[in-house]
Amino acid sequence: TQGLVELLQCHSSLRHFITQASLITITIGSNDLLRLLKDFKQPAQLPMILGNLGNNLAHVGAVVRRLNPMAIVKVATLYNPLPAGPYAQYTVPVQRIIDNANGLVIATAKQYGFVVVDLDREFRGKERFLIGSDYVHPNAAGYRVIAKAFARY
């Protein structure tokens, strides 16, 4: 999320595109949580990471709405890729973290009048069919699910 905040601050062309858009899609936050996987034994980082995620989402929401109060903005919830791969034993605690992060996504969406695209619901139980060989990103079928979800919501 920090990367998008920085792009919004530094790139006038991005801000210009936002002012001209009728539809804006946002899928951010997963990389914020991936930091936890690097050292899962230090859960003390979680409140800080979730706090930064919430602040960054709010900043993005405020900037997007200030630049374009009329655009339809669709923001995706995060999904849990872990059931698909070698880290499946962490699925339950990670899902709790993702649920907290998705609470922030939903609250931000509500605050700024964004539409929530519930990718967590779309992926849950189907991860092994939708997650790629890196066990993090979607495969081609997963990207089709994401595209269809954005079109449907």
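This is a predicted model: local features need pLDDT of at least 70, side-chain atom pairs count only at pLDDT 80 or more; totals for chains, interfaces and linings use all residues.

Biologist: Which residue stands opposite Val 116 in strand 3?

Modeller: That's Val 75. Next along, Ala 76 stands opposite Val 117 in strand 3.

Biologist: How many of the five residues of strand 2 are buried?

Modeller: Four of the five, so strand 2 is largely enclosed by the rest of the structure.

Biologist: Switching to helices. At what angle do helix 1 and helix 4 pack?

Modeller: About 30 degrees, and the axes are 9 Å apart. Helix 1 is residues 2-10 and helix 4 is residues 45-67.

Biologist: Would you call helix 1 and helix 4 roughly parallel or roughly perpendicular?

Modeller: Roughly parallel, because angles under 35 degrees count that way. Helix 1 passes helix 4 in a left-handed crossing.

Biologist: Which residues in helix 1 meet helix 4?

Modeller: Gln 2, Leu 4, Val 5, Leu 8 and Gln 9. On the helix 4 side they meet Asn 56, His 59, Val 60 and Val 63.

Biologist: What about helix 1 and helix 2, where do those axes come out?

Modeller: They come within 5 Å and cross at roughly 90 degrees, so helix 1 and helix 2 are roughly perpendicular to each other. Helix 2 is residues 12-20.

Biologist: Which residues in helix 1 meet helix 2?

Modeller: Leu 4, Leu 7, Leu 8, Gln 9 and Cys 10, and their partners in helix 2 are Ser 12, Leu 14, Arg 15 and Ile 18. Leu 4 turns up in the helix 4 contacts as well as in the helix 2 contacts.

Biologist: New topic, Thr 108. Where is it found?

Modeller: In helix 5, which spans residues 91-112. Thr 108 has a relative accessible area of 10%, so it counts as buried, the cut-off being under 20%.

Biologist: What does the side chain of Thr 108 reach?

Modeller: The backbone oxygen of Leu 104, at 2.9 Å. Leaving out residues up to four places away in sequence, Thr 108 touches Leu 57 and Ala 58.

Biologist: Last one. What is the phi of Tyr 135?

Modeller: Positive, about 60 degrees, although Tyr 135 is not a glycine. Most residues other than glycine have a negative phi.

Biologist: And where is Tyr 135 found?

Modeller: In the loop between helix 7 (127-130) and helix 8 (140-152). Tyr 135 is partly exposed there, with a relative accessible area of 36%.

Note on methods. Residues are numbered from 1 along each chain as its sequence is written. Side-chain values use heavy atoms; hydrogens and water are left out. Helices (H or I, at least four residues) and strands (E, at least two) are DSSP runs, numbered from the N terminus. Buried means under 20% relative accessible area, exposed over 50%, partly exposed in between (1.4 Å probe, protein chains only). A polar contact is a pair of N or O atoms within 3.5 Å; within protein, one must be able to donate a hydrogen and the other to accept it, and residues adjacent in sequence count only if both atoms are side-chain atoms. Contact means heavy atoms within 4.5 Å. Two strands pair if DSSP finds at least two bridges between them. Axes are lines fitted to C-alpha atoms, for helices over the stretch in contact, and angles run from 0 to 180 degrees between N-to-C directions. Angles under 35 degrees count as roughly parallel, over 145 as roughly antiparallel, 65 to 115 as roughly perpendicular and the rest as oblique. A crossing is left-handed if the near helix is turned anticlockwise from the far one by less than a right angle, and right-handed if clockwise.
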